[in-house]
Amino acid sequence: MWYQTCHLRDHGTQEDAYSYGVAYAESSDGLQWVKPQLGRVMLNGQDTNLAIKGWHSPGQPSVTYHPDHPNPQQRYRLFAWDDLVTPGRHTIGGMTTYVSTDGLEWKGLEWDKPAPDLEDPQPFCYLKHVGNYRYPTSIGPGECNTIIWDAAINKYVNFCRCNNGSVRCIGRMESSDGIHWTRPKIVCQPDLKDPHRFQFYSVGAMRCGSNIVL
């Protein structure tokens with residue numbers, strides 16, 4: 001399991017004193033979990049189970065696994081949202097993708113250094129350019145994304161948070177390479193039977209047999 005963490009940093013101003021990261025845990029039965037020390041990220045002089053140390057991000061990670069990928073270094077792929085614009089660090093929000101051979105040693109897809117040395121690589125998906133597959137925040141997804149590999153169609157599928165002009169909804173995007181994405185289509189939104197201002201903020205997704213379960 002790869003999951004988002006929030007921890008205090010040992011530097012920065014009070015409003016800049018926390019950081020998101022991606023931590024790792026494992027289990028043999030899905031009930032009892034252990035958090036192995038990975039020897040990758042030290043906090044306050046102690047080892048941690050952090051696989052990626054972020055700045056204010058990465059947030060809400062999604063990990064896919066492709067055991068037959070022709071490039072072993074990309075068998076694991078981790079998508080995480082970088083939403084903080086920081087002068088001199090990164091200048092625009094968007095999705096960052098990391099790749100790994102074993103799910104523990106990560107590096108940015110478009111960078112050569114290991115992920116902990118990068119802290120926050122410049123994100124490249126969704127918002128960096130406006131074109132036929134990259135979107136401004138007004139119509140594109142935000143920081144809540146669940147990305148899976150759908151072997152039934154051989155594509156990445158992102159169930160993302162979007163907006164129908166009134167409230168938050170769940171959209172669906174597809175990609176063959178994890179970089180170039182279709183425009184989100186709303187697949188789940190409140191109706192008149194729901195309470196006033198009822199919204200879908202985020203969703204988890206997984207394939208189960210012939211169905212995708214949200």
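I looked up the aromatic pairs in this predicted model and counted six of them, taking rings of Phe, Tyr and Trp (its six-membered ring) as paired if their centres lie within 6.5 Å, with planes under 30 degrees apart as stacked, over 60 as edge-to-face and the rest as tilted. I read residue numbers from 1 along each chain as its sequence is written. Local features need pLDDT of at least 70, side-chain atom pairs count only at pLDDT 80 or more, totals for chains, interfaces and linings use all residues, and side-chain values use heavy atoms, without hydrogens and water.

I took up phenylalanine 79 and tyrosine 156: the ring centres are 5.5 Å apart and the planes stand at 70°, so I noted the pair as edge-to-face. This pair links distant parts of the chain, 77 residues apart, with phenylalanine 79 in strand 7 (residues 76-82) and tyrosine 156 in strand 11 (residues 155-163); strands are DSSP runs (E, at least two residues), numbered from the N terminus.

I then checked accessibility, where buried means under 20% relative accessible area, exposed over 50% and partly exposed in between (1.4 Å probe, protein chains only). Phenylalanine 79 is buried at 1%, and tyrosine 156 is buried at 4%.

Tyrosine 156 also pairs edge-to-face with tryptophan 149, at 4.9 Å centre to centre and 70° between the planes. I found tryptophan 149 partly exposed, at 28% relative accessibility.

Elsewhere I noted one aromatic cluster formed by Trp2, Tyr24, Tyr65 and Tyr76.

How values were computed
Helix = DSSP H or I, 4+ residues; strand = E, 2+ residues; numbered from the N terminus.
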